[in-house]
Amino acid sequence: MPVPDARVANPSGSINVSGAVCQPGNKVFGAGMTLGDAVDLAGGFRPEAQHIELARVRRGADYSDTSAVVQRFSLDEREGPNASWRSAVLQRDDRGAVF
């Protein structure tokens with residue numbers, strides 16, 4: 001009998017925002033949360049912020065979780081219609097590092 005993976009079926013949890021943000025740390029994850037939401041929860045960027053790396057946990061059938069950089073966003077345009085980083089949809093346990 002297959003057993004559902006509760007880590008996927010129940011997406012409550014957290015995401016982590018680190019680096020050049022005002023309030024780094026774990027943030028409560030909510031369905032539909034975007035990278036822009038996470039940066040806002042972290043108090044916004046510090047002046048030295050230049051790019052964001054978004055890492056996503058890959059869940060294997062054998063429960064051995066590893067992570068890898070999924071996307072990298074330049075912060076040349078921090079706001080406005082060309083700020084593509086804002087709309088990147090997050091998943092539970094994602095990690096955003098701002099450099």
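Predicted model: local features only at pLDDT ≥ 70, side-chain atom pairs only at ≥ 80, totals over all residues.
Phenylalanine 45 and tryptophan 85 are both buried.

## The nonpolar core around it

Both partners turn up again in the largest nonpolar core, a set of 21 residues. Which of these residues touch the most other members? They are Phe45, Ile52, Trp85, Leu90 and Val98. Strand S1 (13-19), H2 and S3 each contribute at least two residues to this core, and H2 gives the most, with three. As background, nonpolar side chains in soluble globular proteins tend to be buried together.

Setting aside neighbours within four places in sequence, leucine 90 is in contact with Ile15, Phe29, Met33, Thr34, Leu35, Ala38, Leu54 and Arg56.

## A buried lysine without a salt bridge

Now for a charged residue. Lysine 27 lies in strand S2 (residues 25-29). Is its position buried or exposed? Lysine 27 is buried, yet it has no salt bridge. The nearest side chain of opposite charge belongs to aspartate 40, and it is 12 Å away; a salt bridge would have to fall within 4 Å.

So what does lysine 27 touch? Not counting residues up to four places away in sequence, lysine 27 touches Gly13, Ser14, Ile15, Val17, Leu41 and Ala42.

## How strand S1 is paired

Strand S1 pairs with S2 in the antiparallel sense, over five bridges. Within S2, glycine 25 stands opposite valine 17, and valine 17 is also one of the residues that lysine 27 touches. A hairpin of five residues joins S1 to S2.

S1 is joined to S5 as well: the two run parallel, with four bridges between them. Here asparagine 16 stands opposite arginine 95 in S5. Taken together, S1 has an antiparallel pairing with S2 and a parallel one with S5, and S1 also supplies at least two residues of the core.

Terms used:
Residues numbered from 1 in each chain as written. Heavy atoms only, no water. Buried < 20%, exposed > 50% of the residue type's maximum accessible area, 1.4 Å probe, protein only. Core = buried A, V, L, I, M, F, W, Y, C linked by side-chain atoms within 4.5 Å. Contact = heavy atoms within 4.5 Å. Lys, Arg positive; Asp, Glu negative; His and termini not counted. Pairing = 2+ DSSP bridges.
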